[in-house]
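Biologist: I am new to this one and would like to learn how to read it. Could you walk me through it feature by feature?

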Amino acid sequence: MHPSLSFDQAPPISVPYRFFLAAPWFGVLAGLLLAWSGGDVLGSRWTPEALALTHLVAVGFMLQAMCGALFQFIPVAVGGNVWRPILVANTVQPLLLLATLLLVAGLLRGIPDLLAIAVPLFLIALGGFVIVVTLALWQTPATGMTLWAMRMAIGGLAVTVLLGSILAEALAYGFSVPLIALTNVHLAWGLGGWSLMLLAGVSYHVVPMFQLTRPYPAWFTRWFGPLLLVLLLAWSSQLAFDQAKWLPVIALPLLLLMSVYAATTLWLQFSRRRKIHDATSLNFRVAMLAMLGFAVSGGAYFLIPGFGSDPRSVVWLGVLAFIGVFVSAISGMMYKIVPFLNWLHLQRLGAPMSAVPNMKKMIPAEAMTGQLRLHVLALVLLLAAVWQPGLARLAGVAFAASCAWLGWNLLGAIRRYQIFRDQIRASALHR
Amino acid sequence: MSITAPLSQHHKHCDDIFARAEEACANGEWASGEEAFALLANQLETHFTSEEELLFPAFENATGMTSGPTEVMRGEHVQMRDLMAQMKEALAARDSDGFGGAAETLLILMQQHNMKEENILYPMCDNALGASDIGASLVDRLKAS
C-alpha cells in the first residue's frame, strides 16, 4: 500500500546528537570572539568580526542544530525515509564543521584562500544534505502543511547556500557582484526561507504537542508558507532591478507576516490547556517576543529615516533574529528532544520499563531554566552593546557562558544516557 | 465524518484529562489528581483496546499488513501503559517529581503517537475500511466508557 512508509525509523541516537552536541560550542566561539575583539565591532554589519559572528551563529549553531533535528523530525513527523542517515550524517557534519571554521576564519582575517576552500565543502555537504532530505520529503505518503513548510524550507536552504557561495567566491576571487543586494537576498532566504519556514512548519506540530494548545488556525498554516515564499521571491527581484524605493512595500508585509506567526504562537501558548511551564515553553516565548521586536524594529528601519540610516540598526535586527529568535527556539527544542530521545533509545534496550529513568532525570530542570535566564541576560547585553560598544566584551562573555552552559547541559544528558545504558546492559547480563 | 474521526477527537479528550491530572499533582492537590488520573487511565485503556480489538484487526485483514504501522502502535500502547503504571505508583507515594517525570515522558510519547496515527495510520484506515461498518462499533466503544 505505502511501501515507502517510514513508521518507526527514528535514526540511531548518534545521528541527531552529533549535530546537537557541536552547535552550542559555535555559540561559545562567537561569544569569545566578541569578548576578545571588544570595541565597536557591532557598529556595522560589514565589520569582519560582525560577518564572522553572524556565520558562527547562523551556520555553526543554527544550521548544525537544524540539520540534526531534521534527521529526527522527518521520519517521526512526516513519515519520510532519510537515505542512509548514519552515512549522510557522518559525512555532512564534519564537512559542515570544517567549512564553517574556514569560512569564519576567512571572513575574520580576510584570507581569500580560506573562502575559496570553504565554498566547495559547503556545496558538497549541504548539496548532499539537500538532495537526501528533498528525496525523503517528496517520497513520503504523508500530507499536511508541516510537510509543505519543510519542502519549502529545504528549497530555502538550497537558495541560501547558492547565494552564499557566490558571495564567498566573489570575495575570494575579487569578481564584481551587486554585493549589498546579494547579501540582502542571501540573508532573507537564510533567515526567512530556510530558518523561519522550518521553525513555522515544526511549530505547527510541536507547539500544540508540547503544551497542549489548540492547533494553529487552518487559514494560517495554509497561507503562511506560500505568502512567505512569494514575498521572498519579490524581495529577490532587487537582484535584477534597481528598485530601492519599492523594498519597503515588500519588506513591510514580510514583517507583518512574521508578526502574525509570532502573535498566533503567543496566543496559542497563552490559552494552552497544559498550564505547566518549562524551559522549552519559556524559550519559545522569548523567541516569539524577539520576533515581534524584530518586526517592530524592521518597520522602524523602513519608516523612520534616522533609525534606518544608522548602520547599527541592521546589527540590532541581526541580534534580535539570530540570538533572540533562533538561538532561543533551538535551545528550547533541544531541551525537549534530547531528554525524550534518551528515554526512547534507553527503553529500546529491552530493559523492564521501570528501569528506564524518565525524561526529567536526563537534564535537571534548574540547569535548563538557569541557562535560559543567562541566555536572556546575554541577549539584553548584546542588544545594548549594539548602541554602547563599551558593553561588547561583557555581552560576549555572557553569550559564551550561556552557550557553554547549554553545551554542558546537553553533554550531561548524553553522559547520563551512557550511564543508564551501561546499567541496563549490566543488569541484563545478571538476569 | 470519517471512520477514525471519533478516535482523533478522543485523543483531544484524553489530552484535557491529562493536563488536569498533571497540574493537580504538580500542585500537590492529590485528591483531585487521583480523580483525574483514574479517569485518564480509564479513557486511555478504552482508546487502546478499541484500536487493538477493533480497528487494527480490521485494517490488518483488509490490507494484509500485520507487521507494519499497527505493530508499532501496539508497541507504543505497551510503553504508555507502563508509564501510566509508573505514574500510578508515584501518585500513591505522593511523589510529585516522580509523577511529573513519568507524565512528561507519557505526554511526548502520546503526542507523537497521536501524530503518527492522525497523519498516517488513520487516513490509511479510512481508505482501507471505507466500506465497512466499523466506525459505528468504535463510537459505541468510546461512548460506553
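Biologist: Let's begin with charge. How many positive and negative side chains has chain B, and how far apart do the centres of the two sets lie?

Modeller: For counting, Lys and Arg are positive and Asp and Glu negative, while His and the chain ends are not counted. Each charge is placed at NZ of Lys, CZ of Arg, CG of Asp or CD of Glu. Chain B has 9 positive and 24 negative side chains, with 4 Å between the centres of the two sets. In chain A there are 25 positive and 10 negative charges, and their mean positions are 15 Å apart.

Biologist: Before we go on, what should I know about the model itself?

Modeller: This is a predicted model, where local features need pLDDT of at least 70, side-chain atom pairs count only at pLDDT 80 or more, and totals for chains, interfaces and linings use all residues. Residues are numbered from 1 along each chain as its sequence is written, chains are lettered from A and ligands numbered from 1 in the order in which they are written, and side-chain values use heavy atoms, leaving out hydrogens and water.

Biologist: What is the average pLDDT of each chain?

Modeller: pLDDT is the predictor's confidence in each residue, from 0 to 100. Chain A averages 94, with 97% of its residues scoring at least 70. Chain B averages 92, and there 100% of the residues reach at least 70. For the complex, the predictor gives an ipTM of 0.86 and a pTM of 0.94.

Biologist: Where in chain B is confidence lowest, and where is it highest?

Modeller: It is lowest in helix 5 (residues 134–144) of chain B, at a mean of 88, and highest in helix 2 (residues 30–63) of chain B, at 96. In chain A, residues 1–6 have a pLDDT that stays under 50.

Biologist: What are the spans along the principal axes?

Modeller: The C-alpha trace spans about 70 × 50 × 45 Å in chain A and about 50 × 30 × 20 Å in chain B.

Biologist: What share of each chain is buried?

Modeller: Buried means under 20% relative accessible area, exposed over 50%, and partly exposed in between (1.4 Å probe, protein chains only). By that reading, 60% of the 431 residues of chain A are buried, and 56% of the 145 residues in chain B.

Biologist: Which residues are in contact with Lys12(B), leaving aside its neighbours within four places in sequence?

Modeller: Contact means heavy atoms within 4.5 Å. Lys12(B) is in contact with Arg273(A) and Glu118(B). Lys12(B) lies in helix 1 (residues 5–26) of chain B and is partly exposed, at a relative accessible area of 35%.

Biologist: What about Trp25(A): which residues does it touch beyond four places in sequence?

Modeller: Trp25(A) touches Ala404(A), Gly407(A), Trp408(A) and Leu411(A). Trp25(A) is found in helix 1 (residues 14–37) of chain A, and is partly exposed at 34% relative accessibility.

Biologist: Finally, is phi of Leu212(A) positive or negative?

Modeller: Most residues other than glycine have a negative phi. Leu212(A) has a positive value, near 55°. Leu212(A) lies in the loop between helix 6 (179–211) and helix 7 (218–236) of chain A, and is buried, with a relative accessible area of 0%. Arg84(A), not a glycine either, has a positive phi of about 35°.

Definitions and conventions
Helices (H or I, at least four residues) and strands (E, at least two) are DSSP runs, numbered from the N terminus.
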